[in-house]
Every structure is written in C-alpha cells, then in structure tokens.
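Q: I'd like to learn how to read a structure like this one. Could you walk me through it, one feature at a time?

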Amino acid sequence: MATRMKPVDVVLVGFGWTASIIAQELTEEGLQVLALERGADRATVPDFATTHIQDELKYAVRGGLFQAPVRETMSFRNTSDQVALPMRRLGSFRPGAGVGGAGVHWNGQTWRFLPDDFVMRSHVEERYGAGFVPEDVTIQDWGVTYDELEPYYDRFEYLCGVSGKAGNLGGRTQAEGNPFEGARSREYPLPPLERSAGSLMFDKAARELGYHPFAAPAANASRPYKNPLGVQMGQCTYCGFCEWFGCGNYSKASPQTTILPVLLKKDNFSYRTGCDVTQVVLDNTGRKAKGVLYYDLEGREYEQPAQLVILCAYAQHNVHLLLLSGIGQPYDPVSDTGVTGRNYAYQITSSVDAFVDELINPYMGAGALGQAIDEFNGDNFDHGPEGFMGGGYIALWTTGGRPILQHRLPKGTPQWGSKWKKAMAENYLRSVSISTHGSVVSQRGAYLDLDPTYKDIYGKPLLRLTFDFHDNDLRMSDFLTGKAEGIAKAMKPRSINVKKRTGPYTIVPYQTTHNTGGAVMGDDPRTSVVNRYLQCWDVPNVFVVGACNFPQNHGYNPTGTVGALAFWAADAIRHQYLKRPGPLVQA
Amino acid sequence: MHMTRQNLAGLTLLAGAAVLAGGARAQGTEFTNVQRGRYLAQASDCISCHTVKGGKPFAGGYPLETPFGTIYSSNITPDLATGIGNWSKDDFYRALHSGIRKDGQHLYPACPYPWFTKMTREDVDAIKDYLDTLEPVRAIAPDNELMWPLGWRQLVAGWNLLFFDEGEFIDRPDKSRLWNRGAYLVNGAGHCAACHSPKNMLGATDRDHALRGGDAGESWFAPSLTSHERDGLGTWSTQDIVQYLSTGANANTASAGPMTEVVMNSTQHLSKQDLTAIATYLKDIPAHDTGQADDHDGDDKAVTQEVMARGKAVYVDQCMGCHMADGEGQEDAFPRLAGSVPVHAEQPQSLIQVVLGGEFMADPAELPTGLGMPGFAWKLDDRQVADVLTFVRNNWGNKASAVTPEQVAKVRDALHEYGPRHERLISQSVH
C-alpha cells in the first residue's frame, strides 16, 4: 500500500532542464512545486569538481552520469516482425540520471530549428507536391510556429549564456552568422568561443566552396556571464571534457549552473531524489490526474497527490509513463491509429575524418566549439532533384582529444601493435573530423509501446523501441556525407576516411542522445498526445514536456528547442491554465 | 532520500526592517520594536554561535573552539527552563553589558560581551523583545570542556578586571554621524574586533592593535581591516566594503569560512546606510605597521625562485582555469588573487583552509550562485600547498610572507578535527 504524501500544487517527474525551467516559472506564481528525480543529488562542487571530473574511464567509458540499464532500460528491435530484446548496455544514446538530468553531461550545442521545420508537412507538400511525402512517412506540423517560439528560444539562450553570432537579426542577414536561421530578436548573449585550429581550417575550406560557415552556438560560456536570474557562470577553459562529463568550471549551462541556485532557495520548491515514478494516477473518469506513484530506493511505494502533473523526464521515459498510466490511446502501427508512442524519431549522423599536416591540438576543445554550415539543412536547398526530405548541418567540432575514445586513425591501420602506435603518434595531433547531423522523418514503422515479454524491476512492462532509419534518411545522409567529403577534400588532407551511416540502425555504437517523439504535439488529437501547449488532450491537468513532443526530428541538436518548449509551456500554464484550469485548446 | 532545503523562513528579514533600524532610537510600537530587535540580533550575528546546523535557531549547543578548550553556546530561545524565557530585560542587559548571567555567574568572554557592552539599553532591550517572540526550544548545551581551572567561572572576574572596559559607546563629537554609527556597529553589535584583532595569551583582544588581523578560531585567520594598502582595506572604496558586506564578494575578493557565515547570517541583512556607516568608520582606521618594506624586493628569504617555480607549476595545473593566468580571476564570477586583500593576510591560515577544504562563496539573494571551489586536501601535499600559496602571495605584484609546509600541516590537522567550515553554514543551499 502506497504511503500517501502531503499534497502539492504541482509535481514534476524528473529534475533536469525542463523541470528546472518549469519549476522556476511556476514557483514565481506562488505554487508549491515538488520535483521527483530518479537519480542522485548532484552539485558542481563536489560532484563535477575540476579536481577529478576529467576521468574518461569513469565517466565516458563506464557512464558515471548516465541512466543505469541495470535499474532501468528498454527493449529494442528494428522492425515489428522481430522480437525485441532488452538493452543491457547504453550505446547509441545515453540518457542522464540525477539532478540536472542529461543537462549535466551534454555538449552545449544550442540550436534553433528552422521556421520551415515547424510546418514541415505543409511546407514540403506546398513546395514539392503532396506526392513527395512517402505514404508511410508520418511527418506533421508542430502546431506551434517558429515566430511563436522565438521569444522562448531567446529566454533559454539568455538563461544559458549561449556563445554565438547571429546570422539573422530581425530579418537582416549578419556577416559571420548563419544566414539560413530564423529571425532573432537580438544577438546571442555572449560572443563565439575562441576558434580552434580545426574550426579555422573548416571555415577556410567551406568558404572556398562558396558556403557560409559560422561559429556553432554553444552553451559553453566564452566569457564570464551573469544570467537574468543573477546566476554566475565562469569562462570556458577549453578543457575538452564536456560531453559525458559535468562541468567543474561553471562554464557549461546546466540546471545547476543557471537555475538551481535561485530555485533551491525558494520555500515553495522542494525535490526528492531516488524516486522512480511508475505511474500517473487518474481518477475514475480517466480525465483527471490525482498525482503520481513512485518508489524510493528501498522499494517503498508512495502516492504523491498533486493538482497538476508535469512529465519532465527523458523523452522515452515520458512516453513509458504515459503508456503505463493509460494516458492517450497507444499507437497501433497496423491500423495507424492511436497516439501514445507514435512518431518516434532519432538523428542520423555520419562523419568524414581528415588526416592533415597542420597541428590541431585537439585536447583544447569545448563541447560545442565548432564551425558549421547550414546550406543543406531543412529546406535550405532544392530537394526536388534529390527526391528526399530533410537535411542537416555539417560541422567540424573540436570537443576534445581524450585519450581513450577521441582519436582518429587512417583507414587500414591495424588495431594494435607497433603500427597502431606509430599511426597514433602521427595522427593524434594532426587529424580532424567533419560530422553531419541529419534529420529523421517519423514513419509508421518507428514507434514506442509496452514490451509484451520483458519487465522492469517493479514488474512493469519495459518500454519497447521499434526503429530503423527510413530509406529517405539514409539517402539524405549519403547526400550530406558527400558534401562533408567535399569540404574535407578542400582542406587538402593527407588522406580521408568517409564514415557513412548505413542501415540497419543499431543501438550498439554511440550516435546521439537525440531520441524524439512518442508524445508529439499538434493541433489534432488524432495525431498528437498533447496540444500546442504540451497539455494532454485526454487529461488536461497533465502536461508532457521534452523532445518527446517533436513530431519528427530535424537537422539540429534538440536541447535549444526543448528549452524553448519548456518556457513556452510554463508561460501557457502561468498565464492561461492557472486562470482557468481545463483544456487550453478545444479539440 | 528526501531532500528539502534548509528552512529558515522564520528568520527571513522582512522588507522594511532595515529601514526601521537605521539608527532609529525612538521606541515604536511593539511590532516595530520587535523588527528592530531582529535587525539588531542580525547585526550582532547571535545566530551564528547560538545555532547548530540542522538544529533549532538560537537553541545553542554550538561548540566554540578556544585555545582553552571548547565552550558550548547557550540556548537563547524563550524556553523557561533551558532558555532565557525567565530572564527579565534587566537580566538580559546585565549579561550583555556586564557579562553576568541571571544566576550571577560570569559569562565566558567567548560571548562577545566586551563589545556588546557598547550597545545602548534600548537596543539590548529590543533584541530581548525579539528573542522573546521565538519558538521556545527545550535544549541544554553540553558541558564546556575547558582546561583546569577555567571551569571555575569566578576566574572571569579577574579577566574582566584586566581586560574588560564596561560602558556604552560614547559618540565622538568631532566625527560625523555616519562615522559614529559605524563605530557603534563595528565596536558594539558587530564585534568585528573579536576576530580581526590579535589576542594576548589569555585570549583578550589587544586593543592597541585592534583590527590588524587576528585568530578567528579553528585555524582561520581574520585579516587586517586597517587602511594598509596590501594588508588592509586601503585600496577598497567605501562602496567596495558595502558590496562585500552585502554579498560576500566584490571586485577584489570573496569571503570565506567564518566571514561567509557573518555575511550570510548578519551583514547581508543590514541596510545600505548602516553598511556605509561601517565602511566609513573602517576607512578612517589608519594603516598599521606591518614591519615590511612596501617595495617588491621581498625581504622574506623563503620566497626563493625555486619555490616560486614549483608554486607556479601547481598554479597552472590546478588554479589557473578559474583564477586565470594573470591572477585577476573572472569578473562577476571567480575571485581575483592579484592585489587581493585576504591573499596578503599576515597569517596564511585562511588561504590554506580554502585550498585544503574548498570553499563556497556566500549566496545571498543579491548574488545567489554560491560558486564553489573544490578541496585539494586529497590531491596536494603540504609542500605543494605551501608552494602554490607562496607563489600566489608573491606574484603579480603581490607581496606577503612565504607559506611553510609546517603551517599547512597544522591547518590540515585542524581541518581533520573540525571539518570544512562551509559544511556548517546554516543557511546555504549549494549547487
């Protein structure tokens, strides 16, 4: 029997980026807000302190900051005619656990999606005709536009102290910025990070080819920064330990470095760690949530009553909770009906390694220190002759030169022995990698549901992921890889190594932690779980926030958009829902 | 694990209290008098010594380490049996003014009555009025652990005879009102000199050398507050001092250890007018004689090229990311070391404490971050700590005595014994 806890106004499931943003906003309204976090409490000092965080074995190889599959995982298969097996190790993607969530161990790549991305289906059909979208592709418009989200992107960027250079200020193209981006209301809060040797080489090569390279936007502070909440950040030291590490210098934006110092001082906010939320409890009408059920680390069950339940966990975790709670009709790929679990998507990546004569000093890096081009993203180019949808950016990142995982060797190098050592000595300081970061369409064959066989530690069915890259995306990725190869060759390297992405999708090698969809937003309750304000169509006092809201995935890292959506939803709750609790959009 | 932040809601200063307290003498309504009392209790920093982390505010039991043993603070909540609920205002005034408890026994001068004696009767009464509004807590402090024969309180009478000048503050007519208010706060309620002055063998403040820096207990050193340019506040403007006392940080440095407690529990709550008064008074204290020449041809023979080279190597590896190669720190973030006053402290104990135990900056609402520095006790040995601190104290134009491995070892022992001071901060929520 679950112990009943003292009711609160708002319970947040998870305590990462979205929960921190929403908690900060809703506590301003005087609401009693509680966050339930499955992982441990974590602070910059001592948990990410510079004295010990640069431990590649502990954090990158052994996944010190990630979700532990031994406690929580999902099953996976490529297609619905296969039997899914549980994922016992993290590979392709690495969700975080603990206070700050994956917002602690991300790189800081903070992009905005393109205006066209938010109306992808109507835009593609308008430009290329309805027949251009394959029958099994289920892309759709977001129900929110870029212009509507712009002020919220801006808030997230100023919260984080993003370093970058605007390419489009109020419709006016800016030199050195990304000329393809949507209009910004103002410049980035901080100038770009110092350019790395690799960035400069990419910049030169890309310009020679007629592209418009720019400094990628980075939530790694290029200067000391004090954000609008008065929280201070230190300047990035280019230590090269961003991705999969916490930042000990208060330079990488995370909930800890941007919000928590203010939020945790509020009397109307509290949080509990070690809490595995397993279900949103609905009343007997099924139209109203009463709270959530959770287990603590000793396996005791609690019921936490709340007026408002907001799911702020990782994308797939949010969907798992919806399925376990019976919120939204589960998606059925055969009849193409139902919504919960529908439109799962991912990111398609590839790279071209270039072995150069110049000294690169790769260890001087930052998570989002990179030079990029956007010529082949979204619908920035004519897709007519190519016959596929979507695109991605091409970038040269200088994230670091860690000894175990961050080195590159020419094709054909033996994997051990004196020849391996010689090649390593020759190439460690003299190689770069150009990567492509491609969109992934949503499709009937890619979805999340409950596994019929495997159960979690609480005896609940595991989440089952069914996913493979669509042919559209593999062709798109080949196209992008070709363009990346062109830039690599323009750098006049000694040799290159083209690493295409080929099917089928596998969960073994790391790709990106950019899992999207499953609880998508939209204007139509038949094809979305939440309305444009991220409110559940079926249960209006439940909101779901995160990359699970993306109707398909676009050619950028998701966090900028996730942050903007969190501010957007918080604003709707503050200024609309609290005045009149109930559906914010009539179906 | 159920985490909620330290809840001190009952102690939060209400807006307006600061205004009411700005030197007001007139007896107001009972409510405003209680407000004034709370403000003065904050100015006196009663809570820092009379509260144990995790315990009830003002319920006492906090161990004060002295060279003579441990003295546990008393319960000053209005509990009738174990607190001061049955003390009259006269009793309370006698304690603060004369150092005599209600039962006629002497207080140990660990309670700063040698400073509180300067406070007016009205102010002391207001503090009592405020304390009487607190939740009574039944709590008895542990017995003191003092060396023989100091357990016999009557000895304090002799101490008082030698070192205690009873009497309220008297305005100096040749000085401004602001100066006098500052002097009253610094030498009365604020009892700054209790830490910031040298003490004699019997633990009494050396009044001839007041505010030249002194032992702050548990191997912390409170630096000089005179107008000396290196070892003092000579380079600080009045505004620098006000900013430091309001937030724990300014362009020159950031607070650490016991001073962070003072900022969090006391000075951040004071009105800007009172802080300006304090600064005005401090700025008028002449520079003391450090016995060192002011040019940079150091006279400390221990500052050798070899030590500086070793210290620089440690600095580049461990410190430079935040404090920067030029020692200037990062504006609006990490404290500067070049030209920083506490870096030049006569005794380096506090610097050693910060390096070994790590530190968090104060995190008042005005500057909420509470940036942290990790502890290096596990990573650097005594000589490395001594080298890097000698380097920091003698580079970028800094000039101060060398730090020895023996000094580091002593502080390391103290750190083992008492733990990092920031872990005892009753107000901080760090992330």
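Q: Which domains does the domain assignment of chain B give?
A: Domain bounds come from an automatic or database domain assignment. For chain B that gives domain 1 (26-138) and domain 2 (305-424). Taken over C-alpha atoms, the centres of domain 1 of chain B and domain 2 of chain B are separated by 35 Å. Before going on, note that this is a predicted model: local features need pLDDT of at least 70, side-chain atom pairs count only at pLDDT 80 or more, and totals for chains, interfaces and linings use all residues. Residues are numbered from 1 along each chain as its sequence is written, with chains lettered from A and ligands numbered from 1 in the order in which they are written.

Q: What pLDDT does chain B average?
A: pLDDT is the predictor's confidence in each residue, on a scale from 0 to 100. Chain B averages 90, and 90% of the residues score at least 70. Over residues 1-27 of chain B, though, the pLDDT is below 50, and this stretch has 45 contacts in the model beyond near neighbours in sequence. A contact means that the C-beta atoms of two residues, placed from the backbone, lie within 7 Å. Where pLDDT is low, the predicted coordinates should not be read in detail. For the complex, the predictor gives an ipTM of 0.93 and a pTM of 0.94.

Q: What radius of gyration does chain A have, and what would a compact globule have?
A: The radius of gyration is taken over C-alpha atoms, and the globule rule is 2.2 Å times the number of residues to the power 0.38. With 587 residues, a compact globule would come out near 25 Å; chain A has 23 Å, which agrees. Along the principal axes, its C-alpha atoms fill a box of roughly 70 × 55 × 50 Å.

Q: How many helices and strands does chain A have?
A: Helices (H or I, at least four residues) and strands (E, at least two) are DSSP runs, numbered from the N terminus. Chain A comes to 12 helices and 22 strands.

Q: What is the strand order in the open sheet of 4 strands in chain A?
A: Two strands pair if DSSP finds at least two bridges between them. Here the order is β5-β4-β20-β19 (chain A), with mixed pairing. β5 (85-86) and β19 (447-455) of chain A are the edge strands, each pairing on one side only. Strands β4 (residues 74-77) and β20 (residues 461-466) of chain A pair in the parallel sense over 4 bridges. Phe76(A) has Leu465(A), in β20(A), as its bridge partner.

Q: Which strands of chain A does α9(A) touch as it packs on the sheet?
A: α9(A) touches β4, β19 and β20 of chain A, and its direction makes about 70 degrees with that of β19(A). Angles run from 0 to 180 degrees between N-to-C directions, with axes being lines fitted to C-alpha atoms, for helices over the stretch in contact.

Q: Is helix α9 of chain A mostly covered or exposed?
A: A residue is buried if 20 or more other C-beta atoms lie within 10 Å of its own, exposed if 12 or fewer, and partly exposed in between, with C-beta atoms placed from the backbone. α9 (residues 315-325) of chain A is mostly covered, as 10 of its 11 residues are buried. Among them are His317(A), Leu322(A) and Ser325(A).

Q: Why does Ala197(A) count as partly exposed?
A: Ala197(A) is partly exposed because it has 17 other C-beta atoms within 10 Å.
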